[in-house]
Every structure is written in C-alpha cells, then in structure tokens.
Amino acid sequence: MNDAPDSAASATENEIIWQDALIRRLRFYRDLGITDFYRRETPAELQAALARSASAAVSAQPSPAGAANTAVQEAAISPKPPTTLFTPSRVVLEPAARPAALEQLRAEIGDCTRCKLHAGRNKLVFGDGNPSARLMFVGEGPGADEDAQGIPFVGRGGQLLNNMISAMGLRREEVYIANVVKCRPPGNRTPEADEGATCSPFLMRQIEIVSPEVVVALGQTAVTWLTGQKRPLNAWRGTLHSVLGAKLIVTFHPAYLLRDPNQKKFAWEDLQLAMRELGLRAPQRG
Ligand code: SF4
C-alpha cells in the first residue's frame, strides 16, 4: 500500500500548525511590548545530542518503573492541549537583560484574571530562582503552601525537590523553577485544558528569557504542556527531547515521589541524565 498521499497531507498539516504557532507567538510578544528579536536555530550540539539520545533509546531496555505507573500517569493526563505552544527556535536575551525581562513579564501578567483559576487564588506563583539558570524545573501548578507564600515548590514536594537539587550538587538559588499554571487549581486538581492553554504561554516566555541549557519537566502535566504532546510519562523518560532550544528531560513530579518513594531511584536516573548534559558531578558523601 502506498502511503505517500497521507504523508504529504501530514506534512502540509504540520506546516499549518507551525505557521499558526508562529503567528500566535508573535502576537504574544507584541502583547508583551516586544517587537525586536532574532531567531536562533536549534544549536548543532543539541541536534547531535538528540540524535545520540534517540539512537540510544532504540536499544534501551524498558524502564522497570514502566507498566504499573503508566496507568496511574495516564489517568492524570489533562485533555490534549493544542500543539501551538511549541516553537523550534527561541529568542535569546543577554544574561544582563533577563532579570528585567522576567520583571516585565510578571508585570504583564499582573493581577491576572485571564482564566478561572484566579477565583480561588491567594497568591499568584510566578517563578523562583536564577534568571540565567543553566537548569530549569517545570512543575504543574501551585499547591496550598505555594498559594499561601507565592513561591513555587515550598511544601513537602518542594522540600523533596530541594533535596533532588542538592543531590545534583546545586543550590536552589542556582536553578529556576516555574509551573504550567501560576494559580492554584481547586483541590490541587490537574489544570484543565483552557487553563493550561491560557497560562502556559507565560511559562514558555519564562523559558525563553532564562534560556536554560536543560529543562526538567516534573510530571505528566509539565511535559504535556511543554511539548504539546500527550504520551505516558515513561515514554518520555530516559532520553533527551527539546523545548525552545533547551534539552528537555522528563521525570516524576515530587508529589508523586512522596506517594510512591520506590520511584525515587528512577527519578535519580533521570536527574543523572540532566547532570551528564550539564557536565555536573554528584557531590562526594562525607
Ligand atoms: S492560572 Fe495563569 S492565566 Fe489563569 S489566572 Fe492565574 S496567571 Fe492568569
């Protein structure tokens, strides 16, 4: 059977999706008052790393964390978001300009009422950390502690994330942390499609401003909105992906690790992948 017509149609569909993504992104920049920027292609070094990672994945064994978790993770997946959040290249700011750019973005978000999550919000949780971090963590959304303090990952999950960061030989102040949605979903439920679609462009802009080398997606919701693709978490883990010119690595959300500590060893494998890409070594235990 000849599938060429389907392939051609698919290519055209992809072009339309990319064009739509570009138009939406340019409108978003214009709304932020940004009109001057340049485009940087995906770096050759990242392309090579992605190729190496893809080829390693072909011969990789299935993760022992796999099948049992997949059903759990799948159950938590939000409705599929539009694929218009992902662009193949990014705008790169000079490090000195990044703090002001983040402040400007925060000001643009303001006392946001763009989606229904604003109704139950105590404090909007924008992001935290080094505006020029090499490593960025992306979670799902604020919980009760974060909503009270206005800072991401400060509850029990945050303590675990801090421990994960320390195990990598880093301090929390050295990384940048943000969520897909900036306001707490009621009862800590998964953000709904309209909420993610409305808020996630702010996250994408944060990634563009910080320009990290590696983004670690914490859990299903984060990777779904970072990539615009819905797959089981374990289908993402163990290999490099890309988002806005950064290497994307996927692991479990700390809240999930608190519920199932047996998965911590697999999360550590994921973090070691990030460490390899950043040239980091775990600190010696004394
Ligand atoms: S979640 Fe995001 S889009 Fe929704 S109200 Fe909060 S800041 Fe605005």
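Colleague: Leaving aside neighbours within four places in sequence, which residues is Gly 169 in contact with?

Modeller: Keep in mind that this is a predicted model. Gly 169 sits in the loop between helix H6 (156–167) and strand E3 (176–179). Its C-alpha is separated by 9.1 Å from that of Gln 284, 115 residues apart along the chain. Once neighbours within four places in sequence are set aside, the contacts of Gly 169 are Leu 280, Arg 281, Ala 282 and Pro 283.

Colleague: And is Gly 169 buried, exposed or partly exposed?

Modeller: Buried takes 20 or more other C-beta atoms within 10 Å, and exposed takes 12 or fewer. Gly 169 has 14 of them, so it counts as partly exposed.

Colleague: On to the ligand: which helix gives the largest share of the shell around it?

Modeller: The shell has 14 residues, with Cys 112, Cys 115, His 118, Cys 183 and Cys 199 coming nearest. By type, they divide into 8 nonpolar, 3 polar and 3 charged. The largest share, 3 residues, comes from helix H7 (residues 193–210).

Colleague: Where in H7 is the kink?

Modeller: End to end, H7 reaches 25 Å from first C-alpha to last over its 18 residues, close to the 26 Å expected. Of those 18 residues, 14 are buried, so H7 is largely enclosed by the rest of the structure. After H7 comes Ser 211, with a positive phi near 50°. The kink, about 35°, lies shortly before the proline Pro 201, at Cys 199.

Conventions:
Residues are numbered from 1 along each chain as its sequence is written. This is a predicted model: local features need pLDDT of at least 70, side-chain atom pairs count only at pLDDT 80 or more; totals for chains, interfaces and linings use all residues. A residue is near a molecule or strand if its C-beta atom, placed from the backbone, lies within 6 Å of it. Helices (H or I, at least four residues) and strands (E, at least two) are DSSP runs, numbered from the N terminus. Ala, Val, Leu, Ile, Met, Phe, Trp, Tyr, Cys and Pro count as nonpolar, Asp, Glu, Lys and Arg as charged, and the others, Gly among them, as polar. Two residues are in contact if their C-beta atoms, placed from the backbone, lie within 7 Å. The expected span of a helix is 1.5 Å times one less than its number of residues. The bend at a residue is the angle between axes fitted to the seven residues ending there and the seven starting there.
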